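Please keep the model open while reading.

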Amino acid sequence: MESPDSGSSGEASPVAAERPSEAAALRALVDRVRAGEVDAAREVRRLTRASARHRRKLAAAVEPLVAMLRDGRHGAGEAALLALLNLAVKDERNKMKIVDCGALEPLLGYLQSSNPNLQEYATAAFLTLSASSTNKPIISASGAIPLLVKVLKEGNPQAKNDAVMALYNLSTIMDNLQAILSVQPIPPLIGLLKGGKRSSKTADKCCALLESLLAFEQGRAALTSEEGGVLTIVEVLEEGSLLGREHAVGALLTMCESDRSKYRDLILNEGAIPGLLELTVHGTPKSRVKAHVLLDLLRNSPYSRSRLQADTLENIVSNIASQIDGEDRGGKAKKMLAEMVKVSMEQSLRHLQRRASFA
């Protein structure tokens, strides 16, 4: 819609003078939403799709749109939901206002809808609203976590992706991790990783969430009992994005630090060494540190944590060979490293064959 002063200067024509201002037009649009006009909600959605200015100017539409979420007429709830989604994007005040106006209750209903589109839109709404730190505890208390995990298990592909990201947002509140674990999210998270691209944003969030959940014995037990669970994280370690690989090595490190004797062989047997060695060179700064620490834990006699910081990968490999009798231990260490990589590559080949059998 053009502003009335967008034309040439001078006295306005009678037609231009009668044209309502943009502000008046937007007020009229909000009034139409209050009157329950579904087309008005669709117009709000259109105007706010890519305009931060309209999101701000149409904030007054939030309350009547939340009321429309409860409207039983065909198409009304969907139109209101999509308009609210656009109003919330990149607008912290609108995110908080939507929750303050009581949107969570009807949104929880949409999360349980048999209509896959409505469920998808509601999941996207929880993803967007949970990006607000103010909203996170309110959403957590609303009972959304079990429903989001259910969407993660049963929703359509887009809804599953959004559910992972919403759960990740909520997991930044530590008290929520037990609530998430209690509804068994590990199998669907591993399923999503297996079925998707290892370097995707969804994979990044899956691994970030897994890294947090594996701090608990319940999470580690769920992962190790899931067929191909640890292997799937190793695959992200090898094939993921830089961020995904950082979280994948963090997840494996969390396991090994919690109980080295229990998880060391399991991680080694899934062929993690080549990916870890590569991360010590090509990973993010955090990945390099985590990979170094994990490699140290995976050898037979790890250094105490107090010595880790000053240790080097070469020292770790040399230490692996330190119990070998004879001279030229440095050469033997290098040979051991080469053999370790060779064995791990052979293990990886076997796991590729296993993966083919899983498909």
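## Terms and model

Helices are DSSP runs of H or I with at least four residues, and strands are runs of E with at least two; both are numbered from the N terminus. This is a predicted model, in which local features need pLDDT of at least 70, side-chain atom pairs count only at pLDDT 80 or more, and totals for chains, interfaces and linings use all residues. Residues are numbered from 1 along each chain as its sequence is written, and side-chain values use heavy atoms, with hydrogens and water left out.

## H6 against H9

Helix H6 (residues 76-88) packs on helix H9 (residues 116-129) at an angle of about 25°, and their axes lie 10 Å apart. Axes are lines fitted to C-alpha atoms, for helices over the stretch in contact; angles run from 0 to 180 degrees between N-to-C directions. H6 and H9 are therefore roughly parallel. Angles under 35 degrees count as roughly parallel, over 145 as roughly antiparallel, 65 to 115 as roughly perpendicular, and the rest as oblique.

From H6, Glu78, Leu81, Leu82, Leu85 and Ala88 take part in the contact (heavy atoms within 4.5 Å). H9 answers with Leu118, Tyr121, Ala122, Ala124, Ala125, Thr128 and Leu129. By class, this contact of H6 with H9 has 10 nonpolar residues, one polar and one charged. Ala, Val, Leu, Ile, Met, Phe, Trp, Tyr, Cys and Pro count as nonpolar; Asp, Glu, Lys and Arg count as charged; the others, Gly among them, are polar.

## The cavity

The structure holds one cavity of 30 Å³ or more. A cavity is a set of points on a 1 Å grid, over the protein atoms alone, where a 1.4 Å probe fits but cannot get out; lining residues have an atom within 4 Å of a point. The largest cavity has a volume of about 50 Å³. Volume here is the space filled by probe spheres set on the points, with grid points joined across faces, edges and corners.

H6 and H9 each supply at least two residues of this lining. Among the lining residues are Leu85, Ala88, Ala125, Thr128 and Leu129. Others include Leu69, Ile98 and Leu107. The lining divides into nine nonpolar residues, one polar and no charged.

## H11 against H12

Helix H11 (residues 144-154) and helix H12 (residues 157-171) have axes that come within 8 Å and cross at roughly 145°. H11 brings residues including Ile145, Leu148 and Leu152 to the contact, and H12 brings residues including Ala159, Ala163 and Leu167. The contact of H11 with H12 has 11 nonpolar, no polar and three charged residues.

Notes
1 Å grid on protein atoms, 1.4 Å probe; cavity = no way out; pocket = protein on both sides within 12 Å on 5 of 7 lines; lining within 4 Å.
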